[in-house]
Amino acid sequence: MPTINRRAVLNGSLAALAGLASGPMPAIAASRGRGDDEDFWSNVAFEYDLEDRYTMMNGGGNNPLPRRVVSALTRYLEYAASAPRPNNYYLLNHRDQHRGRLAALMNCGPDELALTRNTTEGLNTVASGLEFERGDEVLFSPFEDRYALSAFEPVAARSGIKLTVVDLPVPPTADQVVEAFAERMTRNTRLLCVSHIVDSWGFVLPVQRLARLAHDAGAELLVDGALSFGHIPVDLRAMGCDYYATSLHKWLNAPLGTGALYVRGDRIEDLWPLYGVRADAGDISKFERIGTRDGAAVAAIGQAIDFYEQIGPERKAARLKYLLERTMAGLSDASGVRVVTEPDPDRRAGLARVVVDGWTGKDLTRTLLDRYSFFVYGNFPGELDGVYISPNVFNSPGEIDRFVDAVREIARG
Ligand SMILES: Cc1ncc(COP(=O)(O)O)c(C=O)c1O
């Protein structure tokens, strides 16, 4: 039977219940911490207990959790399991506290942010919840095939809407993206749907300009933010989108099965929820009525937010970008190697695709793992097949340099 600090529960203190100190980590709080301030970043890395068989560089896929999130999650789980009826609900009651903090980080109203389980749930809520008419059209970037597009396919099959994928070069510039969408819009265009940061490439799409374009034509914008929140600063008011779906278990490093869906205040009433809810739920909570859910995972979002706030959104973005740019610099003169990512350095984030002549992404993935212990993902059949890399804050410059050496060695054959 786990020891539960009952006084902490009575006092309503989730941090005390987790048995954790809630103050800032001194080393993190004290440092100036630029992207290349190794004293600062080695303290951040120390917050993770990492599997020592691999060097993980797949932050865009799944992420290890900081130790404090794991500890809190474990304690909350024990607490919920010991008496689910009161305890799991007690944990879930902290939703509003986390919602408020997340809304402040994303710059939206707490009454516009639903706590979902992941990006997929958010994308499907919007796809199934909009009232389309036969002949309506949704425009996608060509980079949405793995996620957003599939949320709309059943809707298209059922209600006769048209899904159009806009052509773009690889990599695309911001102007090319906006021009291509502008050219493809018609009277029937109802929605534009793009990723904020593109999966497996790292392009950062000009979502603010696309929101203006959509609104000028009476359409709306849905942003797949799976890879942006917790990676680069996200300001939803400035972005101006209508819907933004993200996963907190990606770059925020919150527990698996936690996500958020932003629905602009004036769009909430007209968007149907994915699940049936009682008529009294007309506010943002109608998107959260999914039945029983894991209160421990929801409660431990708080520790992930603490960690992110202590690092700081700007500082984290600077570090992720620094690690990617170090990789790019290391491979810039490697023959037979291309690093493809966001072309504009001012907009660049921390993800990219590494392509090696004569290698499929699958073989490259396997060799990087078997011979060099790097955990990355790659299987993108086509002209630029390669591996998708996205180092996280626990990766050191030394690991990046080792990765560069490994890719060079592989390319030399
Ligand atoms: C761009 C993008 N959208 C959506 C998803 C799906 O995220 P989840 O499985 O957390 O719903 C991913 C996952 O990698 C992604 O990269």
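Student: What covers the buried residues of α9?
Tutor: This is a predicted model, by the way. The cover over α9's buried residues includes α8 (119–129) and the strands β3 (137–140), β4 (162–165), β5 (189–195) and β6 (220–224).

Student: And which residues of α9 are buried?
Tutor: Ala148, Leu149, Ala151, Phe152 and Val155. They sit on the same side of α9, because they cover an arc of only 150° around the axis.

Student: What's exposed on the other side of α9?
Tutor: Over there you find Glu153, Pro154, Ala157 and Arg158 exposed.

Student: How many residues does α9 have, and what does it reach from end to end?
Tutor: Helix α9 runs over residues 148–159, twelve residues, and reaches 17 Å from its first C-alpha to its last. That is close to the 16 Å expected at 1.5 Å a residue.

Student: What follows α9?
Tutor: Glycine 160, with a positive phi near 70°.

Student: OK, on to α11. Which of its residues are buried?
Tutor: In α11 the buried ones are Val207, Leu210, Ala211, Leu213 and Ala214. Looking down the axis of α11, they fall within an arc of 165°, so they line one face of the helix.

Student: What do they pack against?
Tutor: α11's buried residues pack against α10 (174–184), β5, β6 and α12 (236–239). And just after α11, glycine 218 takes a positive phi of about 75°.

Student: Let's back up to the loop between β5 and α11. Where does histidine 196 stand, buried or exposed?
Tutor: Histidine 196 is in that loop. It counts as buried because 24 other C-beta atoms lie within 10 Å, and the cut-off for buried is 20 or more.

Student: Which residues is histidine 196 in contact with, leaving aside its neighbours within four places in sequence?
Tutor: Leu205, Val207, Val223, Asp224, Gly225, Leu227 and Ser228. Val207 also belongs to the buried set of α11.

Student: What about serine 200, what's its phi?
Tutor: Serine 200 has a positive phi of about 70° although it is not a glycine. It is also in the loop between β5 and α11, and it counts as buried, with 25 C-beta neighbours inside 10 Å.

Student: Which other non-glycine has a positive phi?
Tutor: Asparagine 107 is one of them, with phi near 55°. You'll find asparagine 107 in the loop between α7 (95–106) and β2 (113–116). It counts as partly exposed, because it has 14 C-beta neighbours inside 10 Å.

Student: Where's the cis peptide bond?
Tutor: It joins valine 170 and proline 171, with omega at about -5°. Proline 171 is in the loop between β4 and α10.

Student: Ligand time. Which residues surround the ligand?
Tutor: The shell is Gly60, Gly61, Asn118, Thr119, Thr120, Tyr147, Ser195, Asp199, Asp224, Ala226, Leu227 and Ser247. Asp224 and Leu227 also turn up among the contacts of histidine 196.

Student: How does that shell divide by class?
Tutor: Around the ligand there are three nonpolar, seven polar and two charged residues.

Student: How is the protein divided into domains?
Tutor: Into domain 1 (92–304) and domain 2 (314–412). Their centres are 28 Å apart, taken over C-alpha atoms. The contact takes 14 residues from domain 1 and 18 residues from domain 2.

Student: What classes make up domain 1's side of that contact?
Tutor: The side of domain 1 that touches domain 2 has ten nonpolar, four polar and no charged residues.

Student: Last topic, α16. Which residues are buried there?
Tutor: Gly361, Leu364, Thr365 and Leu368 are buried in α16. They line one face of the helix, because they fall within an arc of 105° seen down its axis.

Student: What covers them?
Tutor: The cover includes β10 (352–356), β11 (374–375), β12 (387–389) and α17 (397–412).

Student: And which residues are exposed on the other side of α16?
Tutor: Arg366, Asp370 and Arg371. Arginine 371 counts as exposed because it has 11 other C-beta atoms within 10 Å, where the cut-off for exposed is 12 or fewer.

Student: What comes just after α16?
Tutor: Serine 373, with a positive phi of about 65°.

Key: Residues numbered from 1 in each chain as written. Predicted model: local features only at pLDDT ≥ 70, side-chain atom pairs only at ≥ 80, totals over all residues. Helix = DSSP H or I, 4+ residues; strand = E, 2+ residues; numbered from the N terminus. Expected span 1.5 Å × (residues − 1). Arc of directions from axis to C-beta. Contact = placed C-beta atoms within 7 Å. Domains from an automatic or database assignment. Nonpolar A, V, L, I, M, F, W, Y, C, P; charged D, E, K, R; others polar. Near = placed C-beta within 6 Å.
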